[in-house]
Amino acid sequence: MTPAATPAAVVCGIGGSLPETVVSNDDLAAELDTSDEWIRVRTGIAQRHVIKPGEATSDLAVAAGRRALDSARAQDGTADDAIDLVVLATSTPDHPCPATAPLVAQRLGLGGVAAFDVSAVCTGFVYALATAASMLTAGTARRALVIGADTFSTILDPGDRTTRAIFGDGAGAVVLRAGDAAEPGALLGFDLGSDGAGAEMITVRAGGSRQRSTGQPAPDGDQWFSMEGRPVFTEAVLNMSKSAQELIDRVGWTAEGPDRVVAHQANVRILRAVGDQLGLDEQQIVVNLDRVGNTVAGSIPLALVDALASGGLRPGHRVLLTGFGGGLTWGSTALVWPELATAPHPVHV
Ligand code: UT7
């Protein structure tokens, strides 16, 4: 007798999108008290992409979503109208209300599907994957488009050299279908966590119900994004390493370990430290932040797209995804990378 199948969400398409405009470290140094050397040495970042005035998060989300749908259609021949769920991870929605996902679904021509946003800052994509995967395995949906998209350039303090150096805009997306845990591409489990005691470390203080809009600019630049870099660095290393190890043990990769770790791209020194904690070699840690910076919810799927394009990530690789961000939040998932029918599209809008 064959064993009963274990329901799982299976990755069957992927795509990414970056805005056209590139801001180099030298561009930043021309307007702020910083240097290419400081940014490269302290973060590993050489450039980031930013949207133009008039562009918004949904524009990147639609472009990434379109590429993921194309990739999935080429993979298994399933038409876009089979999508019955859109989950968008973002903390820079087009508007504080309503959610951006319904607009993205409509612009992609997906009809009246379930669509909502997930807010977990840089962990958003992992949380969105977990949400969609749970709905697929419960039978609430059959095929989901999961997007991570952010445009932090719209909420950064123009005078803050630290956050301006790190963050960039971007989006990545995957298509998930209901399938079986034994298939390549199946998401094998999740480890998710949070610590609200660290909420102040990564925040936009004004504009919500706690410090509501008054019609005037908020005092002390409170309308801008702010981050306590040092403690966030420490928490990022600690929580991504712990969460990744927890998941490695849970999915039974304790002996062989993952072939590739795709961790949230915030700082190359964080990535190296996580690699050290997990006992991995440098080539096992995917890095693309040098070209895109920290794209928040877009970070993990964009790093996947990049690693596929460069050949650093191949079918059959045991891949661990791990994220950390505001909330504080963290989370990890794992999969054996599947054969996808098409090479990912070039990454720009
Ligand atoms: O995505 C969510 C998770 N986010 C992260 O994981 C980010 C984690 N944090 C970091 O990556 C790092 O803490 C930063 C890159 C943000 C900052 O690097 P750091 O090595 O921790 O620098 P620091 O904040 O301790 O600042 C050291 C010095 C300070 O000067 P003084 O006080 O020593 O004179 C800063 O003012 O570096 C200065 N500094 C800069 N100098 C030139 C900070 N930013 C810059 C800059 N250019 N862009």
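Strand E9, residues 202–204, gives the most to the lining of the largest pocket, with three residues. Keep in mind as you look around that this is a predicted model.

Now for the second largest pocket, where about 440 Å³ of space lies. Here 25 residues form the lining, and Ile166, Gly229, Arg230, Phe233 and Asn267 are the closest to the centre. Several elements give two or more residues each to this second lining: helices H2 (36–43), H6 (161–166), H7 (229–251) and H8 (268–278), together with strands E10 (225–227) and E12 (318–325). Which of them gives the largest share to the lining of the second largest pocket? That is H7, with seven residues. By class, the lining of the second largest pocket has 14 nonpolar, eight polar and three charged residues.

Let's turn to the aromatic rings. Across the whole structure, a search finds three aromatic pairs. Two of them involve Phe225 and are set out here.

| Pair | Centre to centre | Angle between planes | Geometry |
|---|---|---|---|
| Phe152 and Phe225 | 5.0 Å | 65 degrees | edge-to-face |
| Phe167 and Phe225 | 5.1 Å | 75 degrees | edge-to-face |

Why does the pair of Phe167 and Phe225 count as edge-to-face? Their planes stand at 75 degrees, and planes over 60 degrees apart count as edge-to-face.

Both pairs reach across the sequence. Phe152 sits in the loop between strand E6 (143–150) and H6, while Phe225 belongs to strand E10, so this pair links distant parts of the chain, 73 residues apart. Phe167 lies in the loop between H6 and strand E7 (170–180), so its pairing with Phe225 in strand E10 ties together parts that are 58 residues apart in sequence.

Taken together, ring pairs link Phe152, Phe167 and Phe225 into a cluster. Strand E10, where Phe225 lies, is also one of the elements that give two or more residues to the lining of the second largest pocket.

How values were computed: Residues are numbered from 1 along each chain as its sequence is written. This is a predicted model: local features need pLDDT of at least 70, side-chain atom pairs count only at pLDDT 80 or more; totals for chains, interfaces and linings use all residues. Side-chain values use heavy atoms; hydrogens and water are left out. Helices (H or I, at least four residues) and strands (E, at least two) are DSSP runs, numbered from the N terminus. On a 1 Å grid over the protein atoms alone, a cavity is a set of points where a 1.4 Å probe fits but cannot get out, and a pocket is an open set with protein on both sides within 12 Å along at least five of seven lines; lining residues have an atom within 4 Å of a point. Grid points are joined across faces, edges and corners, and a volume is the space filled by probe spheres set on the points. Ala, Val, Leu, Ile, Met, Phe, Trp, Tyr, Cys and Pro count as nonpolar, Asp, Glu, Lys and Arg as charged, and the others, Gly among them, as polar. Rings of Phe, Tyr and Trp (its six-membered ring) pair if their centres lie within 6.5 Å; planes under 30 degrees apart count as stacked, over 60 as edge-to-face and the rest as tilted.
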